[in-house]
Amino acid sequence: MAKKDMLINIHCAKCIGIDAVPVTVEIDIATGIGIHLVGLADAAVKESLLRTITSLQSMGFRIPGRKIVINLAPADMHKKGSGYDVPIALGIIAASGQRDLPLLDKFMIMGELGLDGTVREVPGALPIAELARRDGLQGCILPRESAMEAVEYEGIDVYGVDNLDDVLRILGGEELCDDLLARNQMTDSHTEDGEAAGFGVMDFSEIIGQEGAKRGIEIAAAGGHNVILIGPPGSGKSSLAKAMAGILPPMTMEESLQTSKIYSVAGKGSPRGGLLRQRPFRSPHYSASIAALLGGGSDNIMPGEISLAHNGILMIDEFCEAPKKVLEVLRAPMEDRKVTISRLKTKVEYPADFMLVAATNPCPCGYYGEGDRCTCTPAKRIAYMSKLSGPIMDRIDIQLWMKPIDPKRLVDRKRGEASRCVAERVMRAREIQKKRFAEDGIFCNAAMNSRMIEKHCPLSGECRNLLERIIERMGLSARACSRIIKLARTIADLDGARDISCEHIMEASSYRFLDKQGLEY
């Protein structure tokens, strides 16, 4: 039996952004009366005392009739959530000498306790496993559902438990518990489901016509560029935006780990277990609040739609119907590829490297440019499109105007090129970029900064002269100029060309028709 009434330390964690920081649960039993919880715990943690006591009693353990002090260290950091239930229960068991747990200090342990001793899932399994490996611990013990999120994380043993008895088995060290390792609990169906899962997206061949827009979407997918689709109702804007998900290449292991950590912290980890393989496709309604897009909260700051779309697509339909102040919050994330949320006592940073795919009508009635069908006054049209401010349009690389589909082609229903053919070209272009940026820490052309543009996008004298004339004629900003060069680099990659040519510059600049000075709208 363990020595009674000794100080017990248990390794735990708290997630700040997509990283976990260590938290130590200290349990001490001494002369006196009462149970005291200290260490800036929120209401959910304080309620854990009643849950833990009831659970221990239901499993036959006794609660010492002495003073029990539970400290969550460091004491100057707020702790939230129910994940400290299991560590507190283990601390009481070990400190009171009711069970010998020699491996208690070898594992990082998190989990919520049910009143019958079952262990329920908690968010943040991936960052917790990463912290446990970084701190040199033997492994981490998590609820089974949470452990499945970290099943592919290498270099550490991740145990998935269903109840407190499973935890005691592992920490007792008297028997092998390989059956509780998450990797041994992963079934073939989990793997198959994970590989087969998709978004149920529309195939390119199902979209009639719109070859010009399809070309623009292909370029956007190949280089990770932002795109806006403008056109009347029924022209295929939403369908084309959704079909874009079907031509994106699978995420690399590094991208998959980054994205999975965001979903893990948000409590939205893969239900099939393992890392997320499909690129995220987030489509919030245009009435979504600023907090829903950026993320937020008081002490526990959660990621928003922008971060949940990391390494994937953020689609906003009816873009010009959204409040202007909501659209303007996209400015910084689109440029910096991260979201920084500041509160009085804390600041959290989430990655937000997404492709914005916006779709909008050209006017309130939707039919501007289609003969006499538009019923809007010029003032209404200008007010409607004023939502597309200069700073926002500066950050959108590809602007596509979609015309109504020709009736003859619509009736003929002739199918076009399939998504898999387009995806192959996109994949080849992405492979070129993967090799190009192997030492730069980015994955696609759209993420290049000024230094990388100089390094990877050299222009010939003829191309420089052409670009100078285009900038002067269209009145482009310095940012728009950089984006034209990056877009031209992507077009060159799709062509398999080593250098950017004048044709690539011309095509890239043609996708910025809304930037032309003196454009009559």
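Predicted model: local features only at pLDDT ≥ 70, side-chain atom pairs only at ≥ 80, totals over all residues.
**Helix 21 and helix 22**

Helix 21 spans residues 478-495, and helix 22 spans residues 502-510. Their axes come within 8 Å and cross at roughly 120 degrees, which makes helix 21 oblique to helix 22. The crossing in which helix 21 passes helix 22 is right-handed. On the side of helix 21, the contact involves I484, L487, A488, I491, A492 and D495. These residues meet H504, I505, E507, A508 and S509 in helix 22. Sorted by class, this contact of helix 21 with helix 22 holds 7 nonpolar, 2 polar and 2 charged residues.

**Helix 3 and helix 10**

A second contact joins helix 3 (residues 125-134) to helix 10 (residues 253-265). Here the axes lie 7 Å apart and the packing angle is about 115 degrees. Helix 3 and helix 10 are therefore roughly perpendicular to each other. Helix 3 contributes A125, L126, P127 and E130 to the contact, while helix 10 contributes L257, S260, K261, S264 and V265. By class, the residues of the contact of helix 3 with helix 10 comprise 5 nonpolar, 2 polar and 2 charged.

**Aromatic pairs**

With ring centres required to lie within 6.5 Å, the count comes to 2 aromatic pairs. The table sets out their geometry.

| Pair | Centre to centre | Angle between planes | Arrangement |
|---|---|---|---|
| F107 and Y159 | 5.7 Å | 70 degrees | edge-to-face |
| W401 and F513 | 6.2 Å | 70 degrees | edge-to-face |

Planes over 60 degrees apart count as edge-to-face, so the pair of F107 and Y159, at 70 degrees, is given that name. The pair of W401 and F513 is likewise edge-to-face, with 70 degrees between the planes.

F107 belongs to strand 5 (residues 107-109) and Y159 to strand 9 (residues 157-161), so their pairing ties together parts that are 52 residues apart in sequence. W401 belongs to strand 18 (residues 398-401), whereas F513 lies in the segment after helix 22; this pair therefore ties together parts that are 112 residues apart in sequence.

Accessibility can be described for each partner. F107 and Y159 are both buried. In the other pair, W401 has a relative accessibility of 26% and so counts as partly exposed. F513, at 18% relative accessibility, counts as buried, because buried means under 20%.

Notes: Residues numbered from 1 in each chain as written. Heavy atoms only, no water. Axes fitted to C-alpha atoms, helices over the stretch in contact; angles between N-to-C directions. Helix = DSSP H or I, 4+ residues; strand = E, 2+ residues; numbered from the N terminus. Parallel < 35°, antiparallel > 145°, perpendicular 65-115°, else oblique. Left-handed = near helix turned anticlockwise from the far one by under 90°. Contact = heavy atoms within 4.5 Å. Nonpolar A, V, L, I, M, F, W, Y, C, P; charged D, E, K, R; others polar. Phe/Tyr/Trp six-rings, centres within 6.5 Å; stacked < 30°, edge-to-face > 60°. Buried < 20%, exposed > 50% of the residue type's maximum accessible area, 1.4 Å probe, protein only.
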